Amino acid sequence: MKEKTLAELSALIAQKEISSVELTQYYLDRIERLDGGLNSFISVTQEVALKQAAAADQKIAAGTAGPLTGLPMAHKDIFCTQGVRTSCGSKMLDNFIAPYNATVVEQVSNAGMVMLGKTNMDEFAMGSSNETSYYGAVSNPWDTDYVPGGSSGGSAAAVAARLTPIATGTDTGGSIRQPAALCGITGLKPTYGRVSRWGMIAFASSLDQGGPMAQSAEDAALLLNEMAGFDPKDSTSIERDVPDYSANLNDSLKGVKIGIPREYFSEGLEGGVENVVQDAITEYRKMGAEVIDIDLPNTNLAVPTYYVVAPAECSSNLSRYDGVRYGHRCDDPKDLEDLYKRSRGEGFGDEVKRRIMIGAYTLSAGYYDAYYLKAQRLRRLISEDFSNAFSKVDVIMGPVTPNTAFRKGEKADDPVSMYLSDIYTIAVNLAGLPGMSIPAGFSDNMPVGLQLIGNHFDESKLLNLAHQYQSVTDWHRQAPAGIE
Amino acid sequence: MSLEKQDVEKIAHLARLAIDESAIPGYAEDLSGILDLVDQMSAVDTDGIEPLAHPHDANQRLREDVVTEENQRELLQSNAPQTDAGLFLVPKVIE
């Protein structure tokens, strides 16, 4: 059962081979039995799940079920879930019971899906290794001495270990694509504004975007069909029709132009990763695609630019955690300033504090022009690199990360080295583009991801290219040994 | 860019973060390293380039100025550390 994709499970449910309650119990049992060694879940919502599953079975019996009715899934613990703790991986929100559902949670639930639980993540989505979580590090199912990537590391590990058929994630600088690559699953970061951010706890509001983390492109399309859409409650949500993301999966790749950025294959890219990515590009050639070298000349500016924009926005967004209305509050505050400072000092971990402080510094009087405004000017140059490229090619392809998963602890004390592991993913967020990571092979027995970058709102094209690759390869069907 | 102890104290105050005295040197080192990374930006001449604040270069949509929220005070205050008679309690502000 565990090797079945969401699409295959959907067929089993439709044919009444298995009930939603049976399927839900099967995954709850797997989590119970196997997650001790992975720590991919912060909360398992067994009661909610079995109740939703029973309701789904009634819909199925009544013939009113949709394609995803009764199928289990998990939410990254950044999405507010009514009546269920929503911690964002932080001590600050350890006691926070969300009073409402995020729009994404509501949409997925309206589609009849069953929530197994809330997955682990870097604190407030700040991290690339899932080691900054208040609830402890997550292990990579391919080798538990290694990190799963981050910040959606819990969702990636849970899908890779088949503790859930599919999960949600969020991506501010690579937080869906990087863990998807490091855990050997399929992750899609949609265009900025495509998926509602209402009820998705904010990190950097001009970058954040939610998306599916799945076993296959076909599955990612199924979940994106439910997640995407205009939401009047999110002021950055785009008013634009949602296509059927499953409709174009089987389009031919003949004549599709794939751009390969030279800058993504320069120094710093590990040989084993490069070989896998080049092999994947060869596979696309065989399918009839035309491969063209392109330049994204401002690539090396993406990380510095991001580490001004993201911390500035985070310091502003996280000012809401004041120990007054919700979240952690220190004991015996002597005055209001003491209440703010100690509640925040105790509630936030080191990485969150570093980023808040960088943001407070770069936004402080006298520094704004040199940092934030400068970064926004560079952001335009980075974005124009992509628009120039998309006047020549349909899709851009390259590595997701310079290396495969690193060992736990290896980069935990060196923030800058951690930040540089996102060098190929960050520019996509600055430009608001959709990006995907799909499994393309292994280097030293650890998974390697292939990145696909599309023009704004070209999710269907990315899914088409990913699905075609997955129709001729089986990397996405490989699961870690030892997790039976 | 090298931050000193008093720089970190000032930034921590601006951000309303209590930082242990013993942790300040570590933060000074980490933040200096991040600012060194960020300073690579200054190598590029950006004169005449318009800042890009929104990835689609768009403005935020405004809605009609009408009441959309219903009163859920009790529910929303159920997460508050300290309330009384529907009010959030904080330490005394005015003597």
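B:Val93 is placed in the segment that follows strand S2 (87-88) of chain B, where helices (H or I, at least four residues) and strands (E, at least two) are DSSP runs numbered from the N terminus. With a relative accessible area of 55%, B:Val93 is exposed, the classes being buried under 20% relative accessible area, exposed over 50% and partly exposed in between (1.4 Å probe, protein chains only). Between the C-alpha atoms of B:Val93 and B:Asp45, which are 48 residues apart along the chain, the separation is 48 Å.

The model is predicted, and local features need pLDDT of at least 70 while side-chain atom pairs count only at pLDDT 80 or more, although totals for chains, interfaces and linings use all residues. Residues are numbered from 1 along each chain as its sequence is written, chains are lettered from A and ligands numbered from 1 in the order in which they are written, and side-chain values use heavy atoms, with hydrogens and water left out.

In chain A, A:Met115 belongs to strand S3 (residues 114-119) and counts as buried at 7% relative accessibility. Contacts of A:Met115 (heavy atoms within 4.5 Å), leaving aside neighbours within four places in sequence, are made with A:Thr45, A:Val48, A:Ala49, A:Gln52, A:Met73, A:His75, A:Thr81 and A:Val84. A:Val105, 10 residues from A:Met115 in sequence, is 9.0 Å from A:Met115 in space, C-alpha to C-alpha.

No disulfide, defined as a pair of cysteine sulfur atoms within 2.5 Å, is found over all chains in a search of the whole structure. The sulfur of A:Cys80 has its closest cysteine sulfur in A:Cys88 at 8.4 Å, which is too far for a bond, and A:Cys80 is buried at 4% relative accessibility. For A:Cys314, likewise buried, at 0% relative accessibility, the closest cysteine sulfur is also in A:Cys88, at 11 Å and too far for a bond.

Pockets and cavities were located on a 1 Å grid over the protein atoms alone, a cavity being a set of points where a 1.4 Å probe fits but cannot get out and a pocket an open set with protein on both sides within 12 Å along at least five of seven lines, with lining residues having an atom within 4 Å of a point. The largest pocket has a volume of about 1200 Å³, and among its 40 lining residues A:Tyr100, A:Trp198, A:Gly199, A:Lys233 and A:Arg320 lie nearest its centre. At least two lining residues of the largest pocket come from each of H9 and helix H12 (369-389) of chain A and helix H3 (73-77) of chain B. The second largest pocket holds about 270 Å³ of space, and of the 14 residues lining it, A:Ser266, A:Glu267, A:Gly268, A:Ile423 and A:Tyr424 are the closest to its centre.

Of the 15 residues lining the largest cavity, A:Gly127, A:Gly173, A:Ser175, A:Tyr306 and A:Asp422 are the closest to its centre.

Methods:
Grid points are joined across faces, edges and corners, and a volume is the space filled by probe spheres set on the points.
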